[in-house]
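Here is a brief report on a ligand site and on a salt bridge. Look over the structure, then read on.

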Amino acid sequence: MKGTVYKSTGSWYTVKTQDGEFYECRIKGKFRIQGIKSTNPIAVGDEVAFKIEQLGDDTVGTIYGIDDRKNYIIRKSVNLSKQTHIIAANLDQVFLLVTLNNPTTYTIFIDRFLATAEAYDIPTVLLFNKVDSYTIEELAEIKYLAELYRNVGYTCIGISAKSGKNVDKVKEMMVGKTSMFAGHSGAGKSTLVNALEPKLNLKTTEISGQHLQGQHTTTFAEMFDLDFGARIIDTPGIKGFGIVDMEKEEIGDYFPEFFKLKGNCKFNNCLHLDEPKCAVKEALENEEVAWSRYRSYVQMVTGEEENYRVDIHDVKK
Ligand SMILES: Nc1nc2c(ncn2[C@@H]2O[C@H](COP(=O)(O)OP(=O)(O)OP(=O)(O)O)[C@@H](O)[C@H]2O)c(=O)[nH]1
Ligand SMILES: [Mg+2]
Ligand SMILES: [Zn+2]
């Protein structure tokens, strides 16, 4: 039998067949794919082959095969094991939910996420959520950020999952596609799913604590079929976003505005650091490239991996 993975808890996988039947499946033995060292060999969105057997009253499936992935989104696990975690596979697009505060989303996080999505060829849209809750100054900052990322080429929408503002625009972009919501815990991913399809009634929790963080309410990625002909994967909040397997030389290619300029650098292997006649640095001086983007890039190239989480409040818990 063939099906799509809708949920994974690490030990159990919920698989939906073409006929719309759901089966609880396990995987047998070790399952290694394409040499990826991952905490989860199979992820939500994977197309799998499985067989079922009757165990007493229960029908239980065993997954024995997996189709090649069109793409996937992967990050380093938060623990120190250096293992990677595949968040989801076979996506048409990702919506990254960004909040200015409650919780704070820093540009380094946005940039790391975007670069990874570029590396795996997944179109990403930035949703600046909670616009109902911001002061005039904060709204101006949102506008500034949206303009910055629009200039790079990303679609940016200010939304409110709570009031429903611009939720219809998100809906329009989702029709006929498989999308994923990503972002920090508390950014409003599950609230947005509920706004799109109220009957799902997913659990959401208020921000709390000294640093006004999310409470990690969603614990497993899960896909849902929506009535308007779309599929959405709600995911658990992520803190830092560790990039995986990127060579220094290729990171600049995942910053679209740098990539465009690369041909004008004096050296064709220019890393845009200290090289003379670098078109990226010139554009930076002329304010045609954003400093925040360049700073994120330098951090990624110089491999300050250990620091990538430090600029996010909730590290020193
Ligand atoms: N003011 C306001 N609050 C919002 C908005 N969207 C979500 N929230 C609130 O933010 C809190 C967190 O929302 P969730 O939907 O649980 O966040 P999440 O991203 O799913 O978080 P995790 O599951 O922990 O990753 C809840 O109290 C929501 O009501 C919004 O547009 N405006
Ligand atoms: Mg959630
Ligand atoms: Zn250069």
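How far is an oxygen atom of ligand 1 from a polar backbone atom of Ser190? The distance is 3.0 Å. This is a predicted model: local features need pLDDT of at least 70, side-chain atom pairs count only at pLDDT 80 or more, and totals for chains, interfaces and linings use all residues. Residues are numbered from 1 along each chain as its sequence is written, chains are lettered from A and ligands numbered from 1 in the order written, and side-chain values use heavy atoms, without hydrogens and water.

A polar contact is a pair of N or O atoms within 3.5 Å.

| Residue | Part | Distance to an oxygen atom of ligand 1 |
|---|---|---|
| Ser190 | backbone | 3.0 Å |

Taken alone, ligand 1 exposes 660 Å², and the protein buries 92% of that. These areas come from the Shrake-Rupley method with a 1.4 Å probe.

Around ligand 1 stand 23 residues, each with a heavy atom within 4 Å of the ligand. Among the closest are Asp132, Lys189 and Thr218. The shell holds 3 nonpolar, 15 polar and 5 charged residues. Gly counts as polar here, while Asp, Glu, Lys and Arg count as charged.

Now the salt bridges. The whole structure has 10, each a side-chain nitrogen of Lys or Arg within 4 Å of a carboxyl oxygen of Asp or Glu. One of them joins Arg69 and Asp46, at 2.7 Å from N to O. Arg69 lies in the loop between strands S5 (58–66) and S6 (72–76), and Asp46 in the loop between strands S3 (22–27) and S4 (47–55), so the pair ties together parts 23 residues apart in sequence. Strands are DSSP runs (E, at least two residues), numbered from the N terminus.

Definitions and conventions: A polar contact is a pair of N or O atoms within 3.5 Å; within protein, one must be able to donate a hydrogen and the other to accept it, and residues adjacent in sequence count only if both atoms are side-chain atoms. Helices (H or I, at least four residues) and strands (E, at least two) are DSSP runs, numbered from the N terminus.
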